[in-house]
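Subject: Structure for your attention

Dear colleague,

Please find below the structure that I am handing over to you. I would be grateful if you would read the notes under it with the model open.

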Amino acid sequence: MAAALQVLRHLARAPLSPLLWGGPLARLASSMALAEQAEQLFESTVGAVLPGPMLQRALSLDPDSGQLKVRDRSFQLQQNLYLVGFGKAVLGMATAAEELLGQHLVQGVISVPKGIRAAMESAGKQEMLLKPHSRVQVFEGAENNLPDRDALRAALAIRQLAEGLTADDLLLVLISGGGSALLPAPIPPVTLEEKQTLTKLLAARGATIQELNTIRKALSQLKGGGLAQAAYPAQVVSLILSDVVGDPVEVIASGPTVASIHSVQDCLHILNRYGLRAALPRSVKTVLARADSDPHGPHTCGHVLNVIIGSNALALAEAQKQAEALGYRAVVLSTTMQGDVKSVAQFYALLARVAGTRLTMPGAGASVEEDEQLYELAAELQLPDLQLKEALEAMVGTRGPVCLLAGGEPTVQLQGSGKGGRNQELALRVGAELGQWPLGPIDVLFLSGGTDGQDGPTEAAGAWVRPELTSQAAAQGLDVAAFLAHNDSHTFFCRFQGGAHLLHTGLTGTNVMDAHLLFLQPR
């Protein structure tokens, strides 16, 4: 048995031949091969946006002249380089930056999640850890991704470093997802607790993330361009790892190096809309009144270069390249996948059916009704970059396996108190949808995983499913619908086939949202 598994694993990693996929050996290896290749492609997706490779692509240092090149800009280094950073991936980013910049770095301060150094050490990821005599000071805080006193101390240390810089200095700012909670510095006399309370009240009354960020920036010393202003007149280079759909630099970590476009009047409109203006603490009223009468007007960030060095699009492009090397016809559908997981799951399941029909019966095509339903679902999801027509056209005339890739961050409407994350719930819903109708002579596998390696409060990054999931689960006495009703996807996958469908990567040290892989393989 062990020897057979080795043969199947070898097949799973070997380049694919269209002839091989039609034979009996392929059918024998199909299930394991497809699952292993899915995990392999997910790993390549993450690998493209690891801190080391990203920094090396973004920065180029001439050791002889001391010239640092960032995109098309050059900066002269001569004991004038400082570094600050905040976010879930910043520990690895800072380590890579210090290794690249060496003795040119004078001092650094970073704010990273509580316990991340111990987690990286226990995972054996030494490449993510700063050297013992590093010039970068590390603060850990924001437990459970919530601003706290430790994160506040880090933010104040970052502000102090920035304010001490001169026109001859260069500040390198490293930013990744989670940076907002790791950089809390309310404008006095507003306290951290008052700012948190106001944010929670707004969220409870239905404020959007854009509205929450507008208020946060107005009450923050460092967000909304505040950090760039503190560093003036130094030059600032901000290297950003995006975990936000569409990569808007003003939203990632609440835009500490991007001038805010919002005014005090915008804040007051939001507070009025949710009936909170009259109940504001005196401190908040004081800060808003002071900003309203600022004679200098809004700050600009002309001394800043903001560069997106890692994103979902970059990660999916690498996965596409790797999939093609394995013999797949690979198409990137979208990097802006969002919306409720129920709708997203219905979209992927119907896409598998429509695309599968084109793949296995080129002359027949899917029914007009199914085509219309698929395009209606796509319209409801409102994905600005969706390449649905192109993906379906690519199916026609394709001989052999296909891989459709997408990324983004769907949302889960919590109804129960189960354990899971959006990737495991999406996979489970896709598996349930796929099992509702026959798919024809085609093997289908769907994988959803978080690029940070942690899906919700679990140790899994996500999960993969096949159309047989519901029937196989029922044979084990597991009711998929019951687990979904309680948002208990992790418990389901732990019990289903001994946890074999869970995706385990450990913490990756990066984060560019989620990756979704849909495999279609004619039998």
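The notes below set out what was found, topic by topic.

This is a predicted model, in which local features need pLDDT of at least 70 and side-chain atom pairs count only at pLDDT 80 or more, while totals for chains, interfaces and linings use all residues. Residues are numbered from 1 along each chain as its sequence is written, and side-chain values use heavy atoms, with hydrogens and water left out.

Residues 38–288 are 39% helix and 18% strand, with end C-alpha atoms 51 Å apart. For residues 402–514, the figures are 29% helix and 20% strand, with the end C-alpha atoms 20 Å apart. Helices (H or I, at least four residues) and strands (E, at least two) are DSSP runs, numbered from the N terminus.

Helix 5. This helix covers residues 90–101 and spans 16 Å from first to last C-alpha, close to the expected 16 Å; the expected span is 1.5 Å times one less than the number of residues. Because 10 of its 12 residues are buried, helix 5 is largely enclosed by the rest of the structure. Buried means under 20% relative accessible area, exposed over 50%, and partly exposed in between (1.4 Å probe, protein chains only). Among the buried residues are V90, M93, E98 and L101. G102 follows helix 5 and has a positive phi, near 55 degrees.

Backbone geometry. Most residues other than glycine have a negative phi, and most peptide bonds are trans. R71, which is not a glycine, has a positive phi of about 55 degrees. R71 sits in the loop between strand 2 (67–70) and strand 3 (73–76), and it counts as exposed, at 53% relative accessibility. D247 likewise has a positive phi, near 55 degrees; this residue lies in the loop between strand 8 and helix 11 (264–273) and is partly exposed, at 24% relative accessibility.

The bond from P188 to P189 is cis, with omega near 10 degrees, and P189 is in the loop between strand 7 (170–175) and helix 8 (192–204). The bond joining Y232 and P233 is cis, with omega about 15 degrees.

Yours sincerely,
A colleague
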